[in-house]
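I opened the model and kept notes as I went. The entries follow in the order of looking.

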Amino acid sequence: MKRALSALALAAVAAACSQGQARPADRPAPQSASQRPADPFPSTYRPLASAPTVIRGGTVMTAAGQIIPNGQVLMVNGRIAAVGQTVDAPAGAVIVDATGKWVTPGVIDTHSHLGAFGNPGVQAHSDGNEMTNPNTAEVWVEHSVWPQDPGFTRALEGGITSLQILPGSANLFGGRSVTLKNVPSRTVQGMKFPGAPYGLKMACGENPKRVYGERGGPGTRMGNVAGYRTAWIRAADYRRRMDGGGSGNGSASGRSASGESGASSGGSGGSGGTLIRDLELETLAGVLRGEILVHNHCYRADEMAQMIDISHEFGFRIRSFHHGVEAYKVRDLMARDSISGSLWADWWGFKMEALDFTRANVAMVHQAGARAIVHSDDPTGIQKLNQEAAKAMQAGLEAGIQITENDALRWITANAAWALGIHDQVGTLEPGKQADVVVWSHNPFSVYARADRVYIDGALLFDRLDPSRQPQTDFEVGLRPGETSND
Amino acid sequence: MTNRLIAAAAAAALAAAPAAAQTIAITGGTVHPISGPAIPNGTVIIQNGRITAVGAGVAIPAGAVRIDATGKIVTPGLFESSTNMALVEVGAVDASADFQFDDDEDQVAAAFNVADGINPRSMVIPVTRIAGVTTVVSRPSGGLISGQGLAFDLIGDRVDEMAIRSPIAMFGSVSENEQEAAGGGTRGGLFMRLREVLEDARVWARNPQAFERGETRQFSASRLDLAALQPVLRGEMPLVLEAHRASDIQTALRIADEYDLKLIIAGGTEGWMVADDLARARVPVLVKVLRNLPESFESLGARYENAALLRRAGVQVAITTGETFKAFNLRQEAGNAVAYGLPYEEALRAVTLYPAQIFGVADRYGTLEPGKVANVVVWDGDPLELTTDVEHVIIRGREVPLVSRETLLRDRYMNLDENVRSYRRP
């Protein structure tokens, strides 16, 4: 029953790719579930133009086990073509001298709200939490993401090349996430990571019960769990009727059963007729099929164990526990179920479920064999994930846990890519992968390190020494007319 | 193997009062006295809670406990200048939070002194001091005038003994956050209200007896608040005002000039844009370095270079985390200031000597010099680096165990196979 998730994710990627090209034609509304388009908001991202480029002279950290002093990285057609002590560069390749610098994969954040809670943080920009129902699995955060949030360019300056935008944590089911390439764009479609699987945001604990405690519930942790299970029961039924030869499956006629909006949640499906699309259950069924990855905001150890049991009851996988301040207490359970931990280096104290922190959390999860990830959930933290990883590494070493720089680098690259289901495309410096690369001024675990150059798909998106290669969002244009020159 | 503390011993160490002040000799390290250039192979002598000698080739008193700092770095303890330390245990648990006097009426709580709410047994203290932060200014928050804060060392079990100076400053805010409640929704209203309160305090002070007899006009703040503002009006107690937008900082400077106040700007996000004004007025700024987003309309000019640009213009800058639970990241803030242009030595001063000077306690704090309070940290490398370990923390001449609730939980769960044993009391 438990199928390999990575294979499923890949299948989903392939499916999304193949269908992403075709623009859906005029669609009747409402639609029958069987004819749902796999990708109604397809990525329009195309890598920017780039020349074959060799970065040489720097310390190359591949995040795939190698640290190569005075190494070389060759990027051709937006891909990593070669990595090593020396590479065979094509004639005319751009040569970048990284002597005295460090070269790593682009940094990936599994937990951001950029664009959904845009800067400035005014009410008009508060689009990340659909706090109208404890289950809003039907919302897609990409419909809230404002591409002109200056936080994106700040993150780019910190080496972030890919990131997952999640809905907030007010709801048991917060909605779909979206994974983006961190490129300037007029549209969110122009940022969407081609082929990346969707995620589903779920939330445990204090937030849902606080938000809904006086608004009809759930008001307790047991109420939270009842809410999850009730939804999964409905989702399993929806999936069975759609996939399992139920009445809805064979009907490809496009008949619309009624004029009812497909966005409504609650019991759906025609009795004996065409199954009406239900956006909420469509997302949850996508999880049950293994196409959509579960990202579960959950702090406490005991709640993570409950969520794991729920995943067993309904036959889905949890891809990553987010925040997991007590992940170290259940790190063996996480490793057993291949659940990654998207964790902070040292956040704590702001609420009861964040009290039992240890700075060694990330390292202890890593040591147990679960994939450890350092995430931000913060527009400043995302700019310094390298520093957060450095602190987590140091705390592990202090605790006597053997952590290498390659390990710590994977916490913000390869492991994060895995959590997002994009590990075959990005996350390490290996031939064939997308050329998302950062050149750092110092060792990336130094507090003095700054990203000097950031490449996305081989294109130079940011150059610290070249103002013409420093993106600026619309919001920042002409903001300080009184000022003539900064520096 | 600093980590391999036996849980029982560690717990005992956490609970027990730190060792009594003794004679300590820290030898062999590179000493950054802050008051002067670094001293290779330097010695620091500590007696009775004070530093008695610093230098190369200093004689070591008989019977001194020796700390071998060969290959290490020795600095003063770090000084966090804006926190709610020991005034809150869990952010979302209101009953544990004692830094905000909610007074929706007038937004003025000048008489509120947080000192009586300080919890010397706060679990936030050990986790902070084991990161090398030995001294804090713990402050009230919220409202136009939030109240009075104090400076204290992160050791001891009685606030009056821990305190360095209480109160040390009056705190307030003219940030956008206060406009709604205190300014009728406007900046102008907020500053009008500030002037009104200062004016009332002045008038009240001319004849407090008349007020007692009911022979004065009505005042816009309580008698206690008006009395508490007198040291501020006399220029004896600094007024720390949170301000972010460049124009708000300029307005704060004007008011300070009108009333002859000893002003300190906290936050100062757009301070770099009015750095010359600040320098001319000799008004220092408490800067949180990691702040570069236009997160509000008073912060459109936020940038990481703020500290460096202010300093370059001649403004005295103390670096702060502005955090309570994560005040232990003070060195990360200072390190980032260096990454964005602040000279290294200036960054060290900005978390040691400058906050001590800004708050008027540099006679006892901020450097390693004879006569100063013995707050000393031994690091195994650059104190501002994230991969540097803290090896020894000495506060008031007493070495504190490098143990906190956070390290105890870590050790308790280090071996999951031993749950049964772990769950016992040590």
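Which residue lies over the face of A:Trp418? I found A:Arg319 there, at 3.7 Å from the ring centre. A charge counts as over a ring if NZ of Lys or CZ of Arg is within 6 Å of the ring centre and within 35 degrees of the ring normal. In chain B, B:Arg303 lies over the face of B:Trp272, at 4.6 Å from the ring centre.

Ground rules. This is a predicted model, in which local features need pLDDT of at least 70, side-chain atom pairs count only at pLDDT 80 or more, and totals for chains, interfaces and linings use all residues. Residues are numbered from 1 along each chain as its sequence is written, chains are lettered from A and ligands numbered from 1 in the order in which they are written, and side-chain values use heavy atoms, with hydrogens and water left out.

**Aromatic pairs**

I looked up the ring pairs next. Rings of Phe, Tyr and Trp (its six-membered ring) pair if their centres lie within 6.5 Å; planes under 30 degrees apart are stacked, over 60 edge-to-face, and the rest tilted. The structure holds 19 such pairs over all chains. A:Trp344 and A:Trp347 are stacked, 4.4 Å centre to centre with 10° between the planes. Both A:Trp344 and A:Trp347 are buried (buried is under 20% relative accessible area, exposed over 50%, partly exposed in between, with a 1.4 Å probe and protein chains only).

A:Trp348 and B:Phe325 have ring centres 5.3 Å apart and planes at 75°, so I logged this pair as edge-to-face. A:Trp348 sits in the loop between strand S13 (340–343) and helix H8 (361–367) of chain A, and B:Phe325 in the loop between strand S13 (317–319) and helix H12 (330–339) of chain B, so the pair joins two chains. Helices (H or I, at least four residues) and strands (E, at least two) are DSSP runs, numbered from the N terminus. A:Trp348 is buried at 4% relative accessibility. B:Phe325 is buried too, at 12%. I also noted one aromatic cluster formed by A:Phe173, A:Tyr228, A:Trp232 and A:Phe316.

**The chain contact**

How many residues does the contact take from each chain? It takes 51 from chain B and 51 from chain A, where contact means heavy atoms within 4.5 Å. The area buried between them is about 4,400 Å², and carbon and sulfur atoms give 57% of it. That area is the accessible area (1.4 Å probe) that two parts lose on being put together, summed over both. In chain B, B:Leu293, B:Leu386 and B:Glu406 lose the most area to chain A, together 14% of what that side buries.

**Cores**

A nonpolar core is a set of buried Ala, Val, Leu, Ile, Met, Phe, Trp, Tyr and Cys residues joined through side-chain atoms within 4.5 Å. The largest has 199 residues. A:Ile165, A:Phe173 and B:Leu278 are among those that touch the most other members. Leaving aside neighbours within four places in sequence, A:Ile165 is in contact with residues including A:His113, A:Val141, A:Phe152 and A:Leu180.

I checked H6 (residues 301–314) for length. Its 14 residues should span 20 Å at 1.5 Å a residue, and its end C-alpha atoms are 20 Å apart, which agrees. The expected span is 1.5 Å times one less than the number of residues. Buried residues of H6(A) include A:Met304, A:Met307, A:Ile308 and A:Phe314. They pack against several elements, among them helix H4 (221–243) and helix H5 (279–288). Just after H6(A), A:Gly315 takes a positive phi of about 75°.

Seven of the eight residues of H2(A) are buried, so this helix is largely enclosed by the rest of the structure. Its buried residues pack against strand S7 (160–165), strand S9 (178–181), S16 and S17 of chain A.

Most residues other than glycine have a negative phi, and most peptide bonds are trans. I listed the exceptions I looked up. A cis bond joins A:Asn119 and A:Pro120, with omega about -5°. Another cis bond joins B:Ser166 and B:Pro167, with omega about -5°; B:Pro167 lies in strand S9 (residues 163–173) of chain B. A:Asp457 is not a glycine, yet has a positive phi of about 50°. A:Asp457 is in the loop between strand S16 (451–456) and strand S17 (459–463) of chain A, and is buried at 5% relative accessible area.
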